[in-house]
Amino acid sequence: MPQLTTLPGTTDKRIAALLTLLSENTMIVISGARIAKEIGVSRSAVWHWVQRLRELGVRVKGQQGNGYFLEKVPDILLPDLLRKRMKGSLFGKRFYHFFKTDSTNHVAMELGYTDEPEGAVVLAEEQTAGRGRLGRSWHSERGTGIYATLLLRPELSPVQAPLLTMLAGLSARSAIQAQTGLSVELKWPNDLLLGGAKLGGILTEMHAEPTAVRFVVIGLGINVNQEKFPAEIAGLATSLRKESGGKSHSRLELLVRLLTQFESDYNRLLREGAGFVAERFQKESDFANGKRVKVESGMETYFGKTDGLSPEGLLIVKRDDGRVVTVIAGDVSEVR
Ligand code: BTN
């Protein structure tokens, strides 16, 4: 399969160029003629692209005759801006940005079947069919959360792939702590919580042979600037903004920190093997140690206490009936 440079539905390079130009000149009125010249389109096309940006929620001020400007840089995860910040990084080369797509994991899986190299990052401002673990959906309101999927081609066996989910959780935890000072709780295997409410989650999907991973996609969803959530999840979900007294946070900054941290953690895994991941997760997650839990796994439901992780990253639970088991998959919830 060929390597892809553009994908249907990705943000048009000209609209991205227009946004970059306006962002680099905030509060400065730029004439339609200058924009047309700089991004290489007609003046009427500039008007058309400005309308498109407005439809997408970017507040472009000004009119056709006088020129256009932005009052502040919009917090949009534009490839041009990210590329500048991520120079030389594994995740700084190939961004696929969508204003709207069904699921960044879906797009990344499709990329995985082509010759797309490791390190591609798929980003969306909004997802219409964001997916979560265990067939759940992921609420993906426009421009408020981070919806990002990374494509990796590691030399791992399929049983080791879940360790990448944990590694991404650890990287997200460090990045969030560094940017906001908030201390995220890691709930095995893929949840990021604040005050017991869901702040984010990771969905790892892969294509593998019995003994070797062909590619893995790691989907990260983080609630950053949501002010409220739909009624069905309002009591369960939270955002960084809600947890910091209404203060909004730069999604771009957080994504840069997250990608940088994940790259360094991923390189360690490739260098040293996956041994350190379960150990570090166990250290950083209160949930993995001595929490009373209910486990729903396949046909079975039981209660017990968490007792650390196995080296492969499986959760060890001391059941109430005395048996010690490792949980491979399933839903584990804390019982208070
Ligand atoms: C979970 O907690 O169940 C995992 C949620 C993962 C959501 C992210 S958002 C970006 C990526 N694309 C998806 O469709 N899902 C993941």
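Me: Is Tyr 113 buried, partly exposed or exposed, and what is its relative accessible area?

Reply: Buried means under 20% relative accessible area, exposed over 50%, and partly exposed in between, with a 1.4 Å probe and protein chains only. Tyr 113 comes out partly exposed, at 42%. Bear in mind that this is a predicted model: local features need pLDDT of at least 70, side-chain atom pairs count only at pLDDT 80 or more, and totals for chains, interfaces and linings use all residues. Residues are numbered from 1 along each chain as its sequence is written, and side-chain values use heavy atoms, with hydrogens and water left out.

Me: Which residues are buried in helix H9?

Reply: Helices (H or I, at least four residues) and strands (E, at least two) are DSSP runs, numbered from the N terminus. An α-helix has 3.6 residues a turn, so residues three or four places apart point the same way. In H9 the buried residues include Leu 252, Leu 255, Leu 259, Phe 262 and Tyr 266. H9 covers residues 251-272 and reaches 31 Å from its first C-alpha to its last, close to the expected 32 Å (1.5 Å times one less than its number of residues).

Me: What sits just after H9?

Reply: That's Gly 273, with a positive phi of about 90°.

Me: How many aromatic pairs are there in the whole structure?

Reply: Rings of Phe, Tyr and Trp (its six-membered ring) pair if their centres lie within 6.5 Å; planes under 30 degrees apart are stacked, over 60 edge-to-face, and the rest tilted. A search of the whole structure turns up three pairs. One of them, Phe 91 with Phe 262, is tilted, at 5.9 Å centre to centre and 45° between the planes. Phe 91 is in the loop between helix H4 and strand E3 while Phe 262 is in H9, so this pair ties together parts 171 residues apart in sequence. Phe 91 is buried at 0% relative accessibility, and Phe 262 is buried at 2%.

Me: Why is the pair of Tyr 113 and Phe 215 called edge-to-face?

Reply: Because the planes are at 90°, with ring centres 5.0 Å apart. The pair links Tyr 113, in the loop between H5 and E4, to Phe 215 in strand E9, 102 residues away. Phe 215 is buried, at 1% relative accessibility.

Me: Which ring does the charged end of Arg 319 sit over?

Reply: A charge sits over a ring if NZ of Lys or CZ of Arg is within 6 Å of the ring centre and within 35 degrees of the ring normal. For Arg 319 the ring is that of Tyr 302, 4.3 Å from its centre. Arg 268 lies over the face of Phe 276, at 3.9 Å.
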